[in-house]
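Open your viewer and get ready to select a few pieces one after another. We will go from a hairpin to a sheet and then to the helices beside it.

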Amino acid sequence: MRWQSLPLVIGFAVLALIVGTRAMLVESQRANRAAARATIEYQELLSGLLSLAQDAESGQRGYLLTGEKSYLEPYRKAVEAIPGQLARIDTMTASDDQLAPQVSRVKDALSQKQAELAETIALYDRGDAAKALELVRSGQGKAAMDDIRASMDTIRRIGAAAVAARDEHTDQVEAWLRIGSLAALLAIFLLGAYAIRESRRRFREVAVAQEALMRKNIALGNEIQTREKAESQIRQMQKMEAVGQLTGGIAHDFNNMLAVIISAMNLTQRKLARGEHDIAKFIESAIDAATRAANLTARLLAFSRQQPLAPQIVDTNRLLTGMSDLLRRALGETIRIETVLAGGLWKTHADPSQIENAILNLAVNARDAMGDDGKLTIETANSHLDDSYAATHAEVAAGQYVMIAVSDTGEGMPADVMAKAFEPFFTTKPVNKGTGLGLSQVFGFVKQSGGHVKIYSEPGEGTTIKIYLPRFFGSEEAAVPAGRGGNPAAAVTETILVVEDDARVRASTTDALRELGYTVLHAASGMEALRKLAENPGVALLFTDIVMPVMNGRKLAEEAAARMPRLKVIFTTGFTKNAVVHNGVLDHDVHFLAKPFTIEQLAAKLRDVLDGK
């Protein structure tokens, strides 16, 4: 491309040279014309000087012949004008000009002539006319005038020669101007033709390149479609593999727990059939396995970001301070605990119980990584994740966060372990030492809360896990962390309506409420529940399942509240979506108890709702 542009560059350079030369020739022609005008003006000044000298001589002769003073008037005017005329001539004569010697001779001769005229007039005025005429006849004045005329003739010849030379030069300039103009026109024509030819050639090249590019784009599009199909198949295979791994882990853990429950129940049946009553250990074993199964489902819901959250405005520093005793009991006496709480810590909007569970999970994992001795550090700080950080981390929005960091002095994790740390059922702990769901539960809760979690670890250097929860912008008071102890026992007198479409769950819930001392009514559907409410206006609380055919629990609660405004409601379900939970958050003023629940949890929830305002 560089060599192809060379003729065009040379052509424009030649055209510029021609145009520049033509401009110089025009300036030269203008200078020649100015010089010719100056020469003509110079010769006119010399002619005027000669005319003044002749006027002075004529006036002198007329006076000498007639004696009349009036004849001296031309003489006087010429004598007064001659110095000014000489001054103008001097200004137009350069010192190195070839006319300078001739002008000097003119001045000398004019001076002699003026002296001769002045002397003859003076002699005549004194009455010595004879001597004055004798001086005239001596020829001095005539010789001076002849010198003046000769010098002026020489000046005229020199000026004429200069004018002729300039005219000849002007003619040459005009000829060069004509040639330059024709050359410029020819150069413009040639450059235009060359530019048109090059443009056509370039257009053809562009068209060919566009056509080739279009063909390549089509081929690339086909290749992209092929790759997308292959990637889609790979993603589907990976999803199926992940689902298989997840279901395998769930089946393994649930089968173990169900095996314990079934075995315990079978042994209990046999003992009772034989009239034996030492069955407490079997019941405890079954309850423990059932509780572990319930925790497993809760952790899976947390990982899938489907657990119902009850977010509040949380002061994380106050929450951590309230957890100190719990952490010491969970970690044991051999683990040193240090908390570094930031001053002026922002508040966050999250579920405080889930924050506690997340910190407790991380602390227990850290304890297992450190063994019997080590140091656990929990730190809080205000943090800002900028756009560059968000661009390199999936599902992270740039902004301000409350950071909670849990660090240990354990053995650390290599890069391949860190990459899988948040996967469900992935664990490096020995058998029966962990489910592999702790970190996945933390990950799911933080993501569901709009936050971010990051692991920093190196083998032999310990591990730090940082939780980032979005900063809350507002002035509301932070929630005080709830205590973990049970509610104190209180006498119960209320009537509760249980609504559950599953007969076995309905029967067990009814029995549990009666065990707690409540008067219990029950219904298998929403319509039946409304009839029971109409028949029993003294019902204080509606305990309803959410997922039911025809009329779900939310619709039932709305209809019941319209009829009985003072009726209180507790919802319960094993899994719900978009009924009382939206975007993973419980609706405002909704009371919820997740299945399965213990009788102690049921009792505490009932008193919390019934005793509340």
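Two strands count as paired if DSSP finds at least two bridges between them; helices (H or I, at least four residues) and strands (E, at least two) are DSSP runs, numbered from the N terminus. This is a predicted model, where local features need pLDDT of at least 70, side-chain atom pairs count only at pLDDT 80 or more, and totals for chains, interfaces and linings use all residues. Residues are numbered from 1 along each chain as its sequence is written, and side-chain values use heavy atoms, leaving out hydrogens and water.

Start by selecting 452-458 and 462-470: these are β6 and β7, antiparallel partners over 7 bridges. Val453 sits opposite Ile467 of β7. At the turn, 3 residues separate the strands, and Gly460 has a positive phi near 80°.

Next, show the open sheet of 5 strands, ordered β9-β8-β10-β11-β14 with parallel pairing. Its edges are β9 (519-523) and β14 (592-594), each pairing on one side only. Inside, pick β8 (495-499) and β10 (541-545), joined by 4 bridges; Val498 has Phe543 as its bridge partner in β10.

Finally, select 503-515 and 599-610: the axes of α13 and α16 come within 10 Å and cross at roughly 65° (axes are lines fitted to C-alpha atoms, for helices over the stretch in contact, with angles from 0 to 180 degrees between N-to-C directions). Ala512, Leu513 and Glu515 of α13 meet Ile599, Leu602 and Leu606 of α16.

Terms used: Contact means heavy atoms within 4.5 Å.
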